[in-house]
Amino acid sequence: MDSKLHQQDNDNDHQYVLEASIDNTRNLALLLKAVHFRDIATVCATSEGLKVTVEDTKSVQANTYIQSSLFHEYNINDQTVIFKVNLNVLLECLNIFGGKNNPGSITTVKICYSDCKLQTMEPDDILDFEFTPSKVINKIIMQSEILKEVWADLDMNSDVLEILMSPAEPYFQLTTKGTLATTHINFSKDSDMIESFECTSTLKIELLRYYFNFRYQISLIKPSLRALVQSTKVSIRTDDRGFLCMQYMIKMEGSQCCFVEYLCSPNVDDDD
């Protein structure tokens, strides 16, 4: 079955800027749901694949990377194609063609960018967090399972989540402060669940007593749980300004892995 999200009339007369066909719509839906905390997403297509970006309040940004190899047909006739799309509508279309109503079927969906029945919009400028590897001061790679368990123990009614990373104990600590109690969750850098632990001891860290202690609005962190529950590994990084990057590795049906990334700015009202 070949379901096409574009005009059927005069189909052969169209020259599409982007054509992408995928056999397993569940893989595509899984990655889109991981960033679906707002309805409007910006899609950036290149020869390497699709980058789908969702933003909120200029403080949090989610990116899901869908490699071109995930599609069995992928053609782009320009260096870069950028447009906005309503994720609600797109996910409903994917669910119709390959959703829960047809669990045993494999449906091919072809997405074309031109004159579409699925109405696209002109894109706005995407926020640049300027989060670069050269500015990263802390990096932890860990199994997602332990982080899923930790979220259940933290107070999600707290206004902020405090993240501490240190080359000395407690190494990695998550803290929430509720009206009745303060909750600390500590991780040893030698834990079996932590695959990599890097905390750079620069002069700036020494002035801060060898640790970085940043706070983030819980409301900005919560959307990333959509990606966490689907993931098997997570990379947590902070840069020298306190900006947080959480990258989740999600295994697709088959052997491929894709990545979803959340970027979050620190709490600027922190007095500590």
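Aspartate 56 comes out as partly exposed, its relative accessibility being 22%. That sits just on the partly exposed side of the line, because buried means under 20% relative accessible area. In this predicted model, the side chain of aspartate 56 meets that of arginine 38 in a salt bridge, at 3.8 Å from N to O. The two partners come from distant parts of the chain, 18 residues apart: aspartate 56 belongs to strand 4 (residues 49-56), while arginine 38 sits in the loop between helix 1 (25-33) and strand 3 (40-46). Arginine 38 is partly exposed too, at 42% relative accessibility.

This pair belongs to a set of eight salt bridges in the structure. Another one joins the side chains of lysine 233 and glutamate 195, with an N to O distance of 3.2 Å. Here strand 16 (residues 233-239) supplies the lysine and strand 14 (residues 194-199) the glutamate, so parts 38 residues apart in sequence get tied together. Lysine 233 has a relative accessible area of 27% and is partly exposed; glutamate 195, at 42%, is partly exposed as well.

Then there is aspartate 239, which is buried at 0% relative accessible area. Its salt bridge partner is arginine 241, with 2.6 Å between the closest N and O atoms, and arginine 241 is partly exposed at 31%. Aspartate 239 also lies 8.1 Å from threonine 132, C-alpha to C-alpha, although 107 residues separate them in sequence. Threonine 132 is found in the loop between strand 9 (120-121) and strand 10 (136-143).

As for the protein overall, there are six helices and 18 strands, and 48% of the 272 residues are buried.

Conventions
Residues are numbered from 1 along each chain as its sequence is written. This is a predicted model: local features need pLDDT of at least 70, side-chain atom pairs count only at pLDDT 80 or more; totals for chains, interfaces and linings use all residues. Side-chain values use heavy atoms; hydrogens and water are left out. Helices (H or I, at least four residues) and strands (E, at least two) are DSSP runs, numbered from the N terminus. Buried means under 20% relative accessible area, exposed over 50%, partly exposed in between (1.4 Å probe, protein chains only). A salt bridge is a side-chain nitrogen of Lys or Arg within 4 Å of a carboxyl oxygen of Asp or Glu.
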